[in-house]
Amino acid sequence: MVDYPKAFVTGYPISHSCSPQVHRYWLRLYKLEGWYEPVEITVEHFPTFIQSLQERKYCGGNVTLPHKERAFTLAARCDRTATCIGSVNTLWFEEDVLCGSNTDAYGFICNLNDCAPGWIRNTAIVIGAGGAACAILFALKEQGFKKILLFNRTRTKADHLADRFGQEVFVADLDSINSYINRADLIVNTTSLGMRSSYNSNKNDINIDFTNAHPDLVVADIVYTPRVTAFLKNAQKEGLKTVDGIGMLLHQAVPGFERWFGIRPQVTKELRSHILITTQEK
């Protein structure tokens with residue numbers, strides 16, 4: 001019997017993850033022998049799980065909350081992106097050496113390139129100071145943004161994150177965010193506000209007033225359930241270009257699939273439609 005490649009996504013909880021639907025779609029599309037499965041692992045048992053990957057016949061996998069930072073410390077070799085961000089969401093083996101990368105920044109950039117060509121300009125606003133914000137700050141610096149304004153409910157956490165990324169990143173109080181909107185070319189929500197499971201999608205908890213925004217402002221939300229959050233709805237009311245989080249989810253999956261299954265998959269309208277139907281059913 002010939003072994004086929006087997007990969008995973010792990011987190012706690014993991015039932016919300018759409019990664020299995022994405023990777024299984026590609027496996028069917030390209031007629032590949034392989035498997036991708038969700039594995040729910042607690043924080044306590046995560047190191048043991050990682051140490052047992054080869055014993056479990058995994059060629060690699062994805063890591064989601066709350067394990068990304070721990071995965072960074074457990075991988076034997078991490079690439080530059082993972083090192084700069086300080087977390088890992090993609091694992092694979094090279095000659096029995098466990099390697100790690102973070103593809104969130106890649107997914108974010110590809111999604112904006114697809115949905116808002118010309119988005120790379122000068123000034124960005126980022127809301128949030130968690131792991132996702134770290135990946136977005138890395139992406140924006142890589143794309144040459146000269147000024148990035150960082151806002152978070154806890155100012156000290158934002159200050160700590162800004163210190164990691166240098167002089168391009170400035171922190172301001174969240175209560176003052178509306179006074180900066182007219183200076184921004186891009187605004188990104190990296191928080192979980194807007195998620196169906198924790199938020200009333202008809203309410204705008206972020207309290208953004210888009211009425212004075214520059215007409216070319218691009219408004220992005222990394223949340224993909226619901227697809228159009230209240231944050232995006234408010235921007236759309238002012239006629240602004242908006243980008244939801246589905247594309248980031250799909251694009252960030254590409255590098256891992258290629259490493260595990262040997263084919264670089266394409267993010268298509270058909271895949272997007274398939275995942276939108278899947279997320280609506282959850």
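This is a predicted model: local features need pLDDT of at least 70, side-chain atom pairs count only at pLDDT 80 or more; totals for chains, interfaces and linings use all residues.

Student: Let's start with N111. Why is N111 called buried?

Tutor: Buried means under 20% relative accessible area. N111 has a relative accessible area of 4%, so it counts as buried. It lies in helix 5, residues 104-115.

Student: What does N111 touch, leaving out residues up to four places away in sequence?

Tutor: N111 touches V243, D244, G247, M248 and H251. Contact here means heavy atoms within 4.5 Å.

Student: Which residues line the largest cavity?

Tutor: The lining is F108, N111, L112, V188, A220, D221, I222, V243, D244 and M248. Helix 5 and strand 11 (218-221) are the elements that give two or more residues to it.

Student: What makes up the lining of the largest cavity by class?

Tutor: It has seven nonpolar, one polar and two charged residues.

Student: On to P265. Where does P265 lie, and why is it called buried?

Tutor: P265 lies in the loop between helix 10 (254-261) and helix 11 (269-281). The cut-off for buried is under 20%, and P265 has a relative accessible area of 3%, so the label holds.

Student: What is P265 in contact with, leaving aside neighbours within four places in sequence?

Tutor: W26, Y30, V254, F257 and E258. Of those, V254 and F257 are among the buried residues of helix 10.

Student: What makes helix 10 mostly covered?

Tutor: Six of its eight residues are buried. They are V254, P255, G256, F257, W260 and F261. Just after helix 10, G262 takes a positive phi of about 85 degrees.

Student: Which residues other than glycine have a positive phi?

Tutor: K31 is one of them, with phi of about 55 degrees, and E95 has phi near 50 degrees. K31 is in the loop between helix 1 and strand 2 (35-40), while E95 is in the loop between strand 5 (90-94) and strand 6 (97-101).

Student: How do you know whether K31 and E95 are buried or exposed?

Tutor: Exposed means over 50%. K31 has 74% relative accessibility, so it counts as exposed. E95 has 79%, so it counts as exposed too.

Student: What kind of peptide bond runs from Y12 to P13, and from T225 to P226?

Tutor: The bond from Y12 to P13 is cis, with omega near 0 degrees. The bond from T225 to P226 is cis as well, with omega near 5 degrees. P13 is in the loop between strand 1 (6-11) and helix 1 (19-29), and P226 is in the loop between strand 11 and helix 8 (230-237).

Student: Last topic, the helix pair. How do helix 6 and helix 7 cross?

Tutor: The axes of helix 6 (residues 131-142) and helix 7 (residues 155-165) come within 11 Å and cross at roughly 35 degrees. The crossing is right-handed. The contact is made by A133, C134, L137, F138 and K141 of helix 6 with L161, R164 and F165 of helix 7.

Student: What classes do those contact residues fall into?

Tutor: Six are nonpolar, none polar and two charged. Lys and Arg count as charged, and K141 and R164 are both in the contact.

Conventions: Residues are numbered from 1 along each chain as its sequence is written. Side-chain values use heavy atoms; hydrogens and water are left out. Axes are lines fitted to C-alpha atoms, for helices over the stretch in contact, and angles run from 0 to 180 degrees between N-to-C directions. Helices (H or I, at least four residues) and strands (E, at least two) are DSSP runs, numbered from the N terminus. A crossing is left-handed if the near helix is turned anticlockwise from the far one by less than a right angle, and right-handed if clockwise. Buried means under 20% relative accessible area, exposed over 50%, partly exposed in between (1.4 Å probe, protein chains only). On a 1 Å grid over the protein atoms alone, a cavity is a set of points where a 1.4 Å probe fits but cannot get out, and a pocket is an open set with protein on both sides within 12 Å along at least five of seven lines; lining residues have an atom within 4 Å of a point.
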